[in-house]
Amino acid sequence: MPPIPGSGLAKGLAVTLRTMTKRAHTAQYPEVQPELPPRSRGVIGLFEENCTVCMLCARECPDWCIYIDSHKETVPAAAPGGRERSRNVLDRFAIDFSLCMYCGICIEVCPFDALFWSPEFEYAETDIHELTHERDKLREWMWTVPAPPALDPAAEEPKEVAAARKAVEKAEAAAAAARAAAAETSSGTPPTTTPEADA
């Protein structure tokens, strides 16, 4: 069945009339800050202590907008007779937000949780060259990163937590057995044995 002539115009006018009858809502920005979703992609914050200068974020960045400089330092041996080790020390960590496309790949590939999304979005500049922010500024944005959401109480326990809990329980049981054996030895009573052990 062909559409009735003028039906599209009537639908458009109906939308216009519905909009005209609603009260307009004006956001009083910047006096009133917007309520952003918890997973907003504003800027990238750097937790410098976790960065090992592995360069994964810079290598995986599709825009090549992450600049990292570092140098090696020799760490003395932890124990006598040990050998010295070398470690990377971060000299520069900068992100050019005029090139960044906010894909989040750098945050996903970081194996040491050094990069995080911050909801901060007020960092406009009059000069495009000033959109390259160094690690001091990235560090400031780190403190605006929201806390992670609470875990689902019905979720399965993570494997790492379960393994750590079992290891602690095993160590506590071994320590309790050792204390019991020491108490029996100090009291002079022979350790109790089972018939299976005698056999």
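Predicted model: local features only at pLDDT ≥ 70, side-chain atom pairs only at ≥ 80, totals over all residues.
Local features need pLDDT of at least 70 and side-chain atom pairs count only at pLDDT 80 or more, while totals for chains, interfaces and linings use all residues. Residues are numbered from 1 along each chain as its sequence is written, and side-chain values use heavy atoms, without hydrogens and water.

**View 1. The largest pocket and its lining.** A pocket is an open set of points on a 1 Å grid over the protein atoms alone, with protein on both sides within 12 Å along at least five of seven lines; lining residues have an atom within 4 Å of a point. The space in this pocket is about 520 Å³, a volume being the space filled by probe spheres set on the points, which are joined across faces, edges and corners. Of its 17 lining residues, Pro38, Arg39, Phe116, Trp117 and Val145 lie nearest the centre. The lining comprises 13 nonpolar, 1 polar and 3 charged residues (nonpolar: Ala, Val, Leu, Ile, Met, Phe, Trp, Tyr, Cys and Pro; charged: Asp, Glu, Lys and Arg; polar: the others, Gly among them).

**View 2. The largest cavity.** A cavity is a set of grid points where a 1.4 Å probe fits but cannot get out. The whole structure holds 2 cavities of 30 Å³ or more, and the largest has a volume of about 100 Å³. Its lining has 15 residues, with Cys51, Cys54, Cys57, Cys110 and Ala114 nearest the centre.

**View 3. The second largest cavity.** This cavity has a volume of about 80 Å³. Among its 14 lining residues, Cys61, Cys65, Cys100, Cys103 and Cys106 are the closest to its centre.
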